Amino acid sequence: MTSTGTIFQREINAYFLSPIAYVIIAVFMVFSGYFFSVMLGLTQEATLRYSLAYTQFILSILTPVITMRLFAEENKTGTIEPLMTAPVTDFAVVFGKFLSAWALYNIMIAPTAFYIIFLAWVGSPDYGAIISSYIGLILMGGLFVAIGLLVSAATKNQIVAAVIGIVALLILLVIGLASTGNEGWFYSCLSYLGTYDHWDTFTKGLIDTRDVVYYSSFTALLIFVAVRIVESRRWR
Amino acid sequence: MIKVEQLAKRYADVFAVDHISFEVNQGEILGLLGPNGAGKTTTMRILTCYMPATSGTATVAGYDVFRDSISVRKQIGYLPENVPLYPEMRVKEYLTFRAKLKKVPHRERKLKIDECIEKCRIKEVQNQIIGTLSKGYRQRVGLADTLVHDPKILILDEPTIGLDPNQIRQVRQLIKELGEKHTILLSTHILPEVEMLCGRVIIINKGKIVAMDTPSNLESQLKSGSNIVLEVRGNGEKIKNALSSIKGVKKVVWHDKGEVNNFAVEAEKGMDIREDIFSNIVKNNGVIREMKQIAVTLEEIFHQITTQEQEVMT
Ligand SMILES: Nc1ncnc2c1ncn2[C@@H]1O[C@H](COP(=O)(O)OP(=O)(O)OP(=O)(O)O)[C@@H](O)[C@H]1O
Ligand SMILES: [Mg+2]
């Protein structure tokens, strides 16, 4: 566990030593603020529900930008070589990197707390729904980060990592959206696989175990696959 | 300390390392010498558990590189080719990160890092951002990293490449000092480096070991005969014939420059014919203006071995 902590610390420092963290946080604030004000003006309801629906789209684009450098950069510059020849397990490296990107994701969404203060000032929001939305947002972030991390582990090109990550997340979003409201086993499978429905439940103020299980098991599976990818270099 | 048996690594259909076997004994500095693409880096990457071998075995400090990778990695300090470092970190910060990663106990960490900084002479840049360091300093930061957990074995891939002559001398001196406490395997294509540093040398070409011995033994074994260069005044034709008739002479090359003649005489292995040359020339009324014996250097051996592919396994 200590190696994971060491890796985590270095990665977090690396994020904030380069402009990437600040740029991503700024971009996110601009867009989420825009959607918040537009949806508030349209609906006149003291809720985050509608603006968060759009936020998912922004997050699908920004999260792979957070994760793209995790392995791709090390693969490219060759620092992966001293890293993987130090006495650390593949899991510790992958998990440390995962946690750092997830932490940055959470730092990125943290400023949206101001919107709640604003809502409380103009009306009376449903705090239960807000809390469950944030739990959903954080869990969904774990899944998004795991997908981006996995893609990054498989390439040495950061742009490729970001693009494939974004495409993968948008596919997950679209299959969820497209199948919502449709009947039949095919659509229920798709909507289970897609992120949209699980996320929607959270924004309604419901914390359903099925959704929690969906996000956490999917995330764990992807981390496991990422460890395998990193490890595969050592296979005979 | 390091034992390699029938190690091979295949890329597509070529062997980058072709069934090599060797040992590195405790406390020695072994040089891996070879031209570009010989398979030096590949061998080192296998030994440091960065990549697996296609076949064969290798043990480092008694641990198998394939099965016991973590234990192996604890025992080695590895300086990869081109020394990849994180450009955004500061030198000391980087070494602290590496020390933590290599599980140097918290109590000793500061002391160990300062020791390495001292040894590698990077005190003046310890708070500088790595991305702004010159090549020589980067190299030394890499070396400091290999030492930080006090490993038994150092594996250094071309530690002096890209340095200026002064820096080369300093880094070599450093490696020499390190050799007193550590077992070292280093790779290079610079011959004087091997002559200076290594107790033993392995010459590797196209993935195969072509020679393995001490630098001085290699020289004496491979002397394909000594070359003698002469500048003589006198009748060139007569002197050439006289030289050719000396016992042990393999070849005489004559450059006629009018008054003065230049000769290059190649003698058989282990024959000293200088005195015979002298008396024969004097007998033919020649005047020797210069006589020089050209010693065979490792450079020539290296060139011979790697271009002609003679098998000289010992
Ligand atoms: N990933 C790879 N895929 C295919 N071939 C490779 C790969 N890595 C190395 N090779 C080949 O393996 C051979 C040995 O390479 P290696 O890097 O070990 O040589 P080297 O002795 O370190 O050379 P140099 O002195 O240039 O560093 C080369 O022919 C190289 O092209
Ligand atoms: Mg090399």
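Thr79(A) counts as buried, at 3% relative accessibility. This is a predicted model, so keep that in mind as you look around.

- To find Thr79(A), go to the loop between helix H4 (69-77) and helix H5 (80-84) of chain A.
- Leaving out residues up to four places away in sequence, Thr79(A) touches Glu74(A) in its own chain, plus Pro84(B), Leu85(B) and Tyr86(B) from chain B.
- There's also a polar contact between the side chains of Thr79(A) and Thr77(A), at 3.2 Å.

**Asp90(A), another buried residue**

- Asp90(A) belongs to helix H6 (residues 90-109) of chain A.
- Is Asp90(A) buried or exposed? Its relative accessible area is 10%, so Asp90(A) is buried.
- Skip the residues up to four places away in sequence, and what Asp90(A) touches is Met84(A), Val227(A), Val230(A), Glu231(A) and Arg234(A).

**Helix H8 of chain A**

- H8(A) is 27 residues long and reaches 39 Å from its first C-alpha to its last, close to the 39 Å expected at 1.5 Å a residue.
- Because 22 of its 27 residues are buried, H8(A) is largely enclosed by the rest of the structure.

**Helix H9 of chain A**

- H9(A) covers residues 158-179, which makes 22 residues, and its first and last C-alphas are 32 Å apart, close to the 32 Å expected at 1.5 Å a residue.
- Its N-terminal end has a cap too: a side-chain oxygen of Asn157(A) lies 2.9 Å from the backbone nitrogen of Ile159(A).
- Which residues of H9(A) are buried? They are Ala161(A), Ala162(A), Gly165(A), Ile166(A), Leu169(A), Leu172(A), Leu173(A), Gly176(A) and Ser179(A).
- Here's a handy idea for reading that list: an α-helix has 3.6 residues a turn, so residues three or four places apart point the same way.
- The cover over the buried residues of H9(A) includes helices H3 (49-67), H8 (127-153), H10 (185-193), H11 (196-203) and H12 (209-232) of chain A.

**The magnesium ion (ligand 2)**

- Its protein donors are Thr41(B), through OG1, and Glu81(B), through OE, and they lie 1.8 to 2.5 Å from the ion.
- This pair links distant parts of the chain, 40 residues apart: Thr41(B) is in helix H1 (residues 40-47) of chain B, while Glu81(B) is in the loop between strand E6 (76-79) and helix H3 (91-101) of chain B.
- Thr41(B) is buried, with a relative accessible area of 14%, whereas Glu81(B) counts as partly exposed at 27%.

**Chain B as a whole**

- You'll find 11 helices and 14 strands in chain B.
- What is the radius of gyration of chain B? It comes to 25 Å, while a compact globule of 314 residues would have one near 20 Å.
- Along its principal axes, the C-alpha trace of chain B spans about 80 × 45 × 35 Å.
- Of the 314 residues in chain B, 52% are buried.
- Take the contacts in chain B between residues at least 6 apart in sequence, and 68% of them join residues at least 24 apart.
- Chain B exposes about 14500 Å², with carbon and sulfur atoms supplying 49% of it.

Notes. Residues are numbered from 1 along each chain as its sequence is written. Chains are lettered from A and ligands numbered from 1 in the order in which they are written. This is a predicted model: local features need pLDDT of at least 70, side-chain atom pairs count only at pLDDT 80 or more; totals for chains, interfaces and linings use all residues. Side-chain values use heavy atoms; hydrogens and water are left out. Donors are N, O and S atoms within 2.8 Å of the metal (3.2 Å for Na, K and Ca); water is not among the atoms, so sites may look incomplete. Helices (H or I, at least four residues) and strands (E, at least two) are DSSP runs, numbered from the N terminus. Buried means under 20% relative accessible area, exposed over 50%, partly exposed in between (1.4 Å probe, protein chains only). The expected span of a helix is 1.5 Å times one less than its number of residues. Contact means heavy atoms within 4.5 Å. A polar contact is a pair of N or O atoms within 3.5 Å; within protein, one must be able to donate a hydrogen and the other to accept it, and residues adjacent in sequence count only if both atoms are side-chain atoms. The radius of gyration is taken over C-alpha atoms; the globule rule is 2.2 Å times the number of residues to the power 0.38. Accessible areas come from the Shrake-Rupley method with a 1.4 Å probe; for residues, only the protein chains shown count as cover.
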